[in-house]
Amino acid sequence: MIKMRSNQSGVSPAPGIGHEWIQDERELKRQKRKQSNRESARRSRLRKQAECEELQHKVEALSNENHGLKEELRKLSEECEKFTSENINSGRVDEAVWARGCVQARE
């Protein structure tokens with residue numbers, strides 16, 4: 001059943017015109033819905049792009065931090081080897097203890 005609305009003047013349109021009017025109204029609603037969906041998709045793409053950029057910045061920061069930590073570990077391992085070597089040479093630590101300590105420092 002097709003519902004007919006009266007126009008603004010309060011007069012019902014002619015029988016053929018009412019059907020076209022309803023179709024036009026449906027088409028307008030469809031067009032508005034399509035436009036709304038486009039805008040929603042656009043916002044979604046922008047949001048996704050922003051999230052991706054944020055993740056890229058985090059990856060870069062964490063990579064830099066990782067590099068710095070690896071460098072610090074390398075320096076500390078060298079220092080450990082140096083001190084342990086000095087202790088072995090002075091007779092305070094045997095070589096088995098030195099080997100174990102430096103292997104653990106590298107892990």
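E71, R74 and E78 are linked in a network of salt bridges. I started here, and I note at once that the model is predicted.

Entry 1. I looked up where R74 sits. R74 lies in helix α1. Next I took its partners one by one. With E71, R74 forms a salt bridge whose closest N and O atoms are 2.4 Å apart. I then asked how the two are placed along the helix. R74 and E71 are three residues apart in helix α1, so about one helical turn separates them. The other partner is E78. The side chains of R74 and E78 are joined by a polar contact of 2.4 Å.

R74 has a relative accessibility of 37%, so I list R74 as partly exposed. E71 comes out at 29%, and therefore E71 is partly exposed as well. The cut-offs I used are under 20% for buried and over 50% for exposed.

**Entry 2. E25 and K29.** I moved to another pair. E25 and K29 form a salt bridge, with 3.9 Å between the closest N and O atoms. Helix α1 covers residues 15–89, and E25 and K29 are four residues apart in it, so about one helical turn lies between them. For E25 I read 22% relative accessibility, which means partly exposed.

**Entry 3. K58 and E54.** I looked up this pair next. A salt bridge joins the side chains of K58 and E54, at 3.7 Å from N to O. Both residues lie in helix α1, four residues apart, about one turn of the helix. I then read their accessibility. K58 has a relative accessible area of 45%, so K58 is partly exposed. E54 is at 44% and is therefore partly exposed too.

How many salt bridges does the count come to? I get five by this rule.

**Entry 4. Cysteines.** I searched the whole structure for disulfides and found zero. A disulfide is a covalent bond between the sulfur atoms of two cysteines. I still checked how the cysteines sit. C52 has a relative accessible area of 41%, so I list C52 as partly exposed. C80 has 25% relative accessibility, and therefore C80 is partly exposed.

**Entry 5. The whole protein.** I stepped back to the overall numbers. The protein has two helices and zero strands. What share of the residues is buried? Of the 107 residues, buried ones make up 6%. The accessible surface is about 9,600 Å². Carbon and sulfur atoms account for 53% of that surface.

**Entry 6. Confidence.** The average for the protein is 81. A score of at least 70 is reached by 69% of the residues. Over residues 1–7 the pLDDT is below 50. I also looked up the contacts of this stretch. Beyond near neighbours in sequence, residues 1–7 have 10 contacts in the model.

How values were computed
Residues numbered from 1 in each chain as written. Predicted model: local features only at pLDDT ≥ 70, side-chain atom pairs only at ≥ 80, totals over all residues. Heavy atoms only, no water. Buried < 20%, exposed > 50% of the residue type's maximum accessible area, 1.4 Å probe, protein only. Areas by Shrake-Rupley, 256 points an atom, 1.4 Å probe, with all protein chains shown as cover. Disulfide = S-S within 2.5 Å. pLDDT = per-residue confidence, 0-100. Contact = heavy atoms within 4.5 Å. Salt bridge = Lys/Arg side-chain N within 4 Å of Asp/Glu carboxyl O. Polar contact = N/O pair within 3.5 Å; in protein donor to acceptor, adjacent residues only side chain to side chain.
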